[in-house]
Amino acid sequence: MKVTAMDIYKLLPRTNCGKCGEASCMAFAAKLSQKEAELSNCPQLKGADFEKLTNMLAPAVKEIKIGTGDRAVTIGGDEVLYRYELTYYNPTALAVDLSDDMDDSEFDQKLSEIKNLEFERTGEILKLNAVALRNKSGDLEKFKKAAEKLKDAGIPVILCSFDPKAMEAALDVIGSKRPLIYAATENNINEMSELALKHNCPISLFVPNDLEKMKQLSRKLRESGVKDIVLDPGTCIGEAIGDTMDNFIMIRRLAVEEKDDDFRFPILAVPAVCWINPEEDEILTKMKEATTAAALMNRYADAMILHGVDIWEMMPVLTLRQSLYTDPRKPQSVEAKIYEFGTVDENSPVIMTTNFALTYYTVAGDLKSGKVNCYLLVLDTGGKAVDVAVAGGQFNGKAAAELMKETGIEKLVNHKKLIIPGLAASVSGDIEDQSGWEVIVGTRDSSEVPAFLAKIW
Amino acid sequence: MDTMSQILKLLEKTDSIEINEFRMDVDELELTIMPTLQNFVQKVVEKQVEAKKEFESQIEFKYPVKDYAGKVNEVKLGGKNRKTVKLGGQTSLYRFEEPQPNAPTVTFDVFDIPMNGLPRPIKENFEDVMHSPGEWAEKAVKEFGADMITLHLIGTDPKVKDKSLKDAAKDLEEVLQAVKVPLVIGGSGNPKKDPLVLEMAAEVADGERCLLASANLDLDYQKIAQAAVKHDHAVLSWAISDVNMQKVLNKALMKEGLTANDIVMDPTTCALGYGIEFSIDVMTRTRLSALKGEEILQMPMSSGTTNAWGSREAWMKKDEWGPTKYRGPIWEVVTGITMMLCGVDIFMMLHPLSVKTLKEIGTTLTYEYKSKESQDISDWINKF
């Protein structure tokens, strides 16, 4: 279970020296328990107590780094089963596969698609994290050659082969880049664990649909000295997707609730298996793959290997990841104040919206792309969207009037007209009463704002 | 150092001597050393037994199954002239503990007006029947396998068409005649008119056990609850992402005479990318509370999955995002799957493909762990 601030406090020096930046050791303990401070910030903590606390604060799921340099990706680190209890750490690493039998141009093209795929939401650029190189050919030389091409690609690599010889050949080429070895199985575990130790690389353990065996083999890997393990209990689709979810859930439960050391590792999902038996229509296979990815991301997948790279397929997966890994302790909001767009003067329109981050960035994006000149009043709705804030009572006449007073908007413009979102139409009367301004009900979606202003302003 | 001391020294460093093989000739030992050695041997034995115990307990795999104090109520819909559908009834959190007795249910949205504003991927499927709620409902059931139909009487809104109660009754009659599945009957969202519309609907569909959608704290929920009690319907209890508000509302509804088996909760579905994390947290907490034994939250849950279509990524034409034809359904299905995994029992949806996908995965929740054949994936690396 989660360590409490009191458990931590007992092992701290309790001198309240303040050098960690907190007023007291108790405050520092509280921060540590919430993962908002680092143990190393305490200058007095040494020796056995430091060790003890380090172990105590080690996450239920081990953190593992794949790759090197700027794009290296860390997976694992979770402490809880449900995100509302704390937060989920280290967003699921998304890898897309490349096979070693592609010709050079095909290979390069898919690689660049993987590296360049991105999509912006709420001011954040969402990207893929890694490539999974598949030893599809079964040929050692081809695998090695393909690995060579990835050596300086600047993106973390998952090396996929069950053949220890092929793995060795590829590791000789890019072992120093800390690729994830995929995978040790019942049949090759000794050779693969030696390779992991020799190259100091993390290794996946692939044991489809048999947690009992997975536990034995995980123990074996640990006993051989391997520390960085990623568990793949197999991704089965169709009627067996339930088994896969059960396995993922059980592994995470064993790690978090039972503190079973054989399972305290990140989990890898392979939604790409949807392509073993593709649907008649390729679109349907892609939808199935994205659906599988979404289901398993909801149920503790820390890394996954996908095959498709269409933006429409990746958008829901990337968006879900962004949502799941936000910190529930902090509302997704921007500062409530007045913002200026384009060149403003005393004749500029005044528009009001909420401080929910998504609402703000959406509106701001539309105002910018529509080249609108205006003042935007951002109301503090506690990070709630327009319709939710209207229903919840945060978007009301009194709050709007107060914001208008605080920002001094009256002195900035020579009119008294306020445009509010279409979804807030029901509070227009209230705002008029409280502010004395004329309220114009605007569009339901901010993409229509430029056209709307052109018509009425 | 004498021999005995040397032996002791050696023994200090080892945790694992084979006691069976350990022979000692007591006569050869100096008596003063005996207690020390005995003590030591004793310790080693204890250590070995402990280590063995620890090893055995750790290597044995035990399914992490839990007992739950509470369970989710079962709510029955339909009957009289129609099929029945049961919602809820779970006694555990996950299917490896105890499979769900009832698979999640999908109800198709149908409107009493043509709804030209619906996104194209949906209109493509229903354009030919949108003039008639009856035909629309029939198509959803016959062609797309709807378990249930939600009739939204949106035209009753004074700002939309201000349809009279009589006209709305006709639309409802039409749908009741057209399909034999249970119905959800929804108002327009107008807080003044909805209680009147739903009261009328309860009477028109007397005894058919529909789900009246919805009661909330901002309208005359008493009227809706009383009509449901009088004509044997269930009520959708809608709170906006707030567990406490949900409790207050559920209590208030039960005070009007509804029982725990007459209420379905809608804790609000925020779409994928538009606050879905709030819904995830609220639904999860609600379901966990129910299983821990909090009776006032033990009702099955509903999701307005259709909300996903409000997301820009689902409908906005933007070439660099790819065709909306694919984006819409996938936005709906990912929203739905996410809610399903938080414990939602009934989904209000729009697109046939999303419905199909969700139902397929939903059905697996009623299976026992490893009761189905799975594909051999042991060599997946070279399979595609």
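How many residues of chain A are in contact with chain B, and how many residues of chain B take part? In this predicted model, 81 residues of chain A are in contact with 68 residues of chain B. The size of an interface is often given as the accessible area lost when the parts come together. Between chain A and chain B the buried area is about 6500 Å², and carbon and sulfur atoms give 68% of that area. On the side of chain A, the residues that lose the most area to chain B are Tyr84(A), Glu239(A) and Arg253(A), which together make up 10% of what that side buries.

Polar and charged pairs also span the interface. Eight salt bridges are found across the interface of chain A and chain B, along with 23 residue pairs in polar contact. Seven elements of chain A each give two or more residues to the side that touches chain B: strand E4 (118-121), helix H8 (211-223), helix H9 (241-256), helix H10 (282-298), helix H11 (311-324), helix H12 (357-369) and helix H13 (386-392). Of these, H9(A) supplies the largest share, 10 residues. Sorted by class, the side of chain A that touches chain B comprises 42 nonpolar, 20 polar and 19 charged residues. A salt bridge also joins the side chains of Lys66(B) and Glu257(A), with an N to O distance of 2.7 Å.

Over all chains, 44 salt bridges are found in the whole structure. Within chain A, Asp262(A) pairs with Lys215(A), their closest N and O atoms lying 2.8 Å apart. Because Asp262(A) lies in the loop between H9 and strand E11 (268-269) and Lys215(A) in helix H8 of chain A, this pair ties together parts that are 47 residues apart in sequence. Asp262(A) is buried, at 0% relative accessibility, and Lys215(A) is likewise buried, with a relative accessible area of 1%. Asp262(A) also meets the side chain of Arg219(A) in a salt bridge of 3.1 Å, N to O. Arg219(A) lies in helix H8 of chain A, so its pairing with Asp262(A) ties together parts that are 43 residues apart in sequence. Arg219(A) is buried, with a relative accessible area of 6%.

In chain B, the side chains of Asp232(B) and Arg209(B) form a salt bridge (2.8 Å, N to O). The pair links distant parts of the chain, 23 residues apart: Asp232(B) is in the loop between helix H7 (221-231) and strand E7 (234-238), and Arg209(B) is in the loop between helix H6 (194-204) and strand E6 (211-215). Asp232(B) is partly exposed, with a relative accessible area of 38%, whereas Arg209(B) is buried, at 9%. In chain A, salt bridges that share partners join Lys215(A), Arg219(A), Arg222(A), Asp260(A) and Asp262(A) into one network.

Helix H16 (residues 428-435) of chain A has the buried residues Ser428(A), Ile431(A) and Ser435(A). Seen down the axis of H16(A), these residues fall within an arc of 65° and therefore line one face of the helix. An α-helix has 3.6 residues a turn, so residues three or four places apart point the same way. The cover over the buried residues of H16(A) includes helix H14 (397-407), strand E16 (417-420) and strand E17 (438-441) of chain A. Gly436(A), with a positive phi near 75°, follows H16(A).

Chain B contains 12 helices and 10 strands, and 56% of its 384 residues count as buried.

Notes. Residues numbered from 1 in each chain as written. Chains lettered and ligands numbered in written order. Predicted model: local features only at pLDDT ≥ 70, side-chain atom pairs only at ≥ 80, totals over all residues. Heavy atoms only, no water. Contact = heavy atoms within 4.5 Å. Buried area = accessible area lost by both parts, 1.4 Å probe. Salt bridge = Lys/Arg side-chain N within 4 Å of Asp/Glu carboxyl O. Polar contact = N/O pair within 3.5 Å; in protein donor to acceptor, adjacent residues only side chain to side chain. Helix = DSSP H or I, 4+ residues; strand = E, 2+ residues; numbered from the N terminus. Nonpolar A, V, L, I, M, F, W, Y, C, P; charged D, E, K, R; others polar. Buried < 20%, exposed > 50% of the residue type's maximum accessible area, 1.4 Å probe, protein only. Arc of directions from axis to C-beta.
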